[in-house]
2 protein chains.
Amino acid sequence: MTDRAIPEPEHRGGISRRGMLGLVGAAGAVVGAGAGVAGGVVAARSASATTADAASVHPFFGEHQSGITTPVQDHLHFASFDMMARTTREDLIALLQDWSYAASRMTQGLDVSASGAVGGSPEAPPDDTGEALGLPASSLTITFGFGPTLFDGDAGDRYGIAARRPPELERLPAFLGEDLNPDASGGDLCIQACADDPQVAVHAIRNLSRIAFGRARIRWSQLGFGRTSKTTAAQATPRNLFGFKDGTANILADDAAALDAAVWVSGADQPSWMSGGSYLVARKIAMLIESWDRVRLSEQQNIVGRDKAAGAPLSGGDEFARPDLEKTDAAGAAAIPARSHVRLAHPDSNGGVQILRRGYNFVDGNNDLGRLDAGLFFLSFQRSPAQFVTLQRSLSTDAMNEYIRHVGTGIWAVPPGAAQGSYVGAGLFS
Amino acid sequence: MTDRAIPEPEHRGGISRRGMLGLVGAAGAVVGAGAGVAGGVVAARSASATTADAASVHPFFGEHQSGITTPVQDHLHFASFDMMARTTREDLIALLQDWSYAASRMTQGLDVSASGAVGGSPEAPPDDTGEALGLPASSLTITFGFGPTLFDGDAGDRYGIAARRPPELERLPAFLGEDLNPDASGGDLCIQACADDPQVAVHAIRNLSRIAFGRARIRWSQLGFGRTSKTTAAQATPRNLFGFKDGTANILADDAAALDAAVWVSGADQPSWMSGGSYLVARKIAMLIESWDRVRLSEQQNIVGRDKAAGAPLSGGDEFARPDLEKTDAAGAAAIPARSHVRLAHPDSNGGVQILRRGYNFVDGNNDLGRLDAGLFFLSFQRSPAQFVTLQRSLSTDAMNEYIRHVGTGIWAVPPGAAQGSYVGAGLFS
């Protein structure tokens with residue numbers, strides 16, 4: 001490797017050699033010793049971090065990555081990254097190691113490194129940017145994914161992993177009603193940071209982006225609030241920006257059978273390095289909220305297939321009643337209309353297909369007409385991209401399509417969780 | 001008014017006549033009867049709203065508008081509005097009445113009207129957009145302001161109020177280091193919505209914008225998180241995106257003498273309709289965070305004038321120690337450097353001038369270089385715009401200027417609070 005023409009990190013991106021080596025060295029120590037960060041060798045970021053309710057800390061290492069079945073936090077910062085030109089397999093591995101090390105620390109409420117925001121030499125830039133100093137872990141989860149273009153694309157087999165690309169990990173097919181912005185779609189890598197505090201989620205993406213300097217850079221990113229899904233029965237069902245409850249029938253984190261059937265990758269037809277992983281689909285869905293707001297209540301409810309106040313299906317019962325797709329009124333009309341969202345998305349209309357949703361509302365300022373640029377940043381996890389494709393095709397006749405536009409898209413293979421002392425995606429390189 | 005050429009609301013903007021009349025009618029009833037919304041005539045938006053902790057509800061009516069000295073909430077949605085062409089004095093008054101009525105309801109955790117999101121006719125669009133159904137008041141405050149162009153500007157004295165413009169309410173002078181975007185500056189009217197829950201703040205701006213259809217429209221808007229100030233001693237001092245504590249020495253809400261001296265308008269040289277009001281300055285400050293992150297810790301601290309970990313002034317003591325601007329080291333150098341932010345902004349460097357700050361961090365996605373588009377949305381309240389001008393001029397030599405750009409600006413006269421049964425700004429029209 002000494003004769004490679006790639007300049008050293010300090011010349012390529014901006015992070016100082018000291019900072020870079022510090023991170024790599026520390027990560028190396030963890031990986032090498034297999035001791036893990038949880039072993040107590042690092043100091044807590046603050047008193048509040050050490051005294052935070054244990055429930056607000058989700059372990060980074062484990063069978064699955066956190067941030068999939070974790071009770072959905074209220075805030076999201078999502079970032080898609082592209083690898084920089086002329087990076088190597090070793091660069092990619094080092095990046096994933098550095099990211100894993102930093103993520104394992106930040107999810108505990110710690111700075112990105114032992115010297116952190118204020119503990120290093122005063123004559124050097126701090127490793128950590130510092131805006132989360134004093135804040136607890138805030139339920140932070142950091143979830144990594146690999147896009148199709150990481151394996152092969154215009155740049156070819158840059159990292160020697162093309163042969164290990166899961167056959168299903170392909171750019172999603174075109175769907176009716178899309179108006180996609182390529183600059184807000186795709187990406188070699190993605191990071192989903194979710195937290196109870198937006199400052200903690202932003203701190204995570206900012207520092208992971210900084211660690212990536214010279215190796216990968218943000219392609220597009222998205223802030224979200226007001227989760228539109230739930231993953232535990234105890235969580236109240238939130239509302240999307242159409243004012244309807246969203247996520248009532250989501251797969252719950254304690255439903256192991258459903259998770260195995262719908263979310264976790266397994267089986268001989270899948271690469272072994274993906275076992276225990278999942279596929280993440282992101283769709284930025286602009287909502288034409290001013291048009292929607294002019295729709296009469298009865299039609300809004302017919303479009304959704306649920307009542308607006310309680311979220312009950314139009315076939316009757318309470319929010320959690322199973323939609324009765326066969327029920328008709330005296331005149332023979334379906335109680336849940338043929339083109340309603342609930343009917344078209346229901347497992348019974350799709351051969352039993354389910355996905356685990358984890359979306360967020362967004363508002364990105366306003367447009368030139370003085371209208372809010374708002375919508376749903378849809379995120380779903382599934383054991384096969386085919387599940388999403390089936391459902392999205394079913395929604396091609398959705399009456400709601402008049403009021404939404406899919407403007408961004410992406411798909412990533414989400415590897416299983418890293419073993420204590422290892423890093424996310426290690427199986428791909430072994 | 002019957003011979004005016006202005007079309008009726010239903011033709012001008014999009015809100016239905018039924019919705020408009022419903023809002024106006026209800027507001028009129030409140031104004032006419034002087035009974036007020038708090039009188040119990042309206043139903044709570046939800047069970048959680050009625051059982052919400054009383055501390056999370058801030059009264060809309062009162063001597064001052066809420067959202068100025070109110071303990072700073074964690075989330076902001078700020079919107080600047082321009083009045084539509086050909087609107088009249090009556091339109092402006094009706095808009096302020098409708099806004100006040102809706103704000104008085106939403107700050108209690110109620111829908112914008114009695115029929116609300118689901119209580120009206122199913123054959124009409126709901127008055128309320130519904131995404132806050134079931135959410136408590138969440139400390140929501142809604143604060144209204146009037147820009148210089150509302151009184152007179154290119155459009156002339158549209159509303160018969162030019163003669164009542166406060167002489168100090170003028171476009172701010174140019175400052176060194178500005179790179180202002182005119183499309184993200186100014187505005188005839190502004191609304192600052194702050195809440196513990198971003199969904200509640202967004203719901204407020206969305207619904208007030210909807211109510212304004214045909215009369216005013218959003219010119220620019222900003223979401224913020226992670227308050228960068230505090231207004232009570234009990235609030236922890238938050239950090240800005242440079243990683244430093246911000247707002248340590250802010251004026252506190254219980255310091256009546258300081259508020260009278262620095263925040264509330266009074267005196268014979270001010271229009272009587274502004275007595276008990278304030279002036280609001282907004283500055284969108286882009287932070288060059290990647291450049292800042294490369295600065296060594298000691299220099300970061302010299303630029304700010306405080307230590308990064310504790311927030312203590314470099315002259316010694318703890319966070320709340322008074323900066324000793326005279327202190328020198330053995331070599332005679334100032335402990336708090338001459339061009340440090342703390343020194344230049346300190347009252348002792350500015351003839352005692354203070355302002356009440358209420359800013360928020362923002363992240364608006366990323367730029368084409370893959371860097372986060374981030375910074376500080378600075379908000380301050382002062383009894384005279386001259387206070388802000390004095391401080392901002394003092395900061396012209398601030399060493400921090402290398403790492404920030406002011407990209408948006410605005411100033412508004414914030415009238416006093418509305419009396420129960422009246423509306424914000426009523427004094428301007430009486």
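These legends describe close-up views of a predicted model.

Residues are numbered from 1 along each chain as its sequence is written, while chains are lettered from A and ligands numbered from 1 in the order in which they are written. In this predicted model, local features need pLDDT of at least 70, side-chain atom pairs count only at pLDDT 80 or more, and totals for chains, interfaces and linings use all residues; side-chain values use heavy atoms, with hydrogens and water left out.

**View 1. Confidence in chain A.** pLDDT is the predictor's confidence in each residue, from 0 to 100. Chain A averages 88, and 87% of its residues score at least 70. Residues 1-52 of chain A stay under 50. Even there, the model has 94 contacts beyond four places in sequence; a contact means heavy atoms within 4.5 Å. The model scores ipTM 0.89 and pTM 0.90.

**View 2. Strand S2 of chain A.** Strands (E, at least two residues) and helices (H or I, at least four) are DSSP runs, numbered from the N terminus. Buried means under 20% relative accessible area, exposed over 50%, and partly exposed in between (1.4 Å probe, protein chains only). Thr141(A), Thr143(A) and Gly145(A) point one way. Ile142(A), Phe144(A) and Phe146(A) point the other way. S2(A) runs antiparallel to strand S3 (residues 189-195) of chain A, with 6 bridges joining them. Two strands pair if DSSP finds at least two bridges between them.

**View 3. Trp99(A) in the nonpolar core.** A nonpolar core is a set of buried Ala, Val, Leu, Ile, Met, Phe, Trp, Tyr and Cys residues joined through side-chain atoms within 4.5 Å. The largest one has 154 residues. Trp99(A) and Trp99(B) have the most contacts inside it. Beyond four places in sequence, Trp99(A) touches residues including Phe81(A), Phe144(A), Leu189(A) and Ile191(A).

**View 4. Ser229(B) in its loop.** Ser229(B) sits in the loop between strand S4 (216-227) and helix H7 (256-262) of chain B. Ser229(B) counts as buried because its relative accessibility is 2%. Among the residues it touches beyond four places in sequence are Val72(B), Pro238(B) and Arg358(B). Its side chain reaches the backbone oxygen of Arg357(B) at 3.4 Å. The C-alpha atoms of Ser229(B) and Leu379(B) are separated by 9.6 Å, though the two residues are 150 residues apart along the chain.

Conventions: A polar contact is a pair of N or O atoms within 3.5 Å; within protein, one must be able to donate a hydrogen and the other to accept it, and residues adjacent in sequence count only if both atoms are side-chain atoms.
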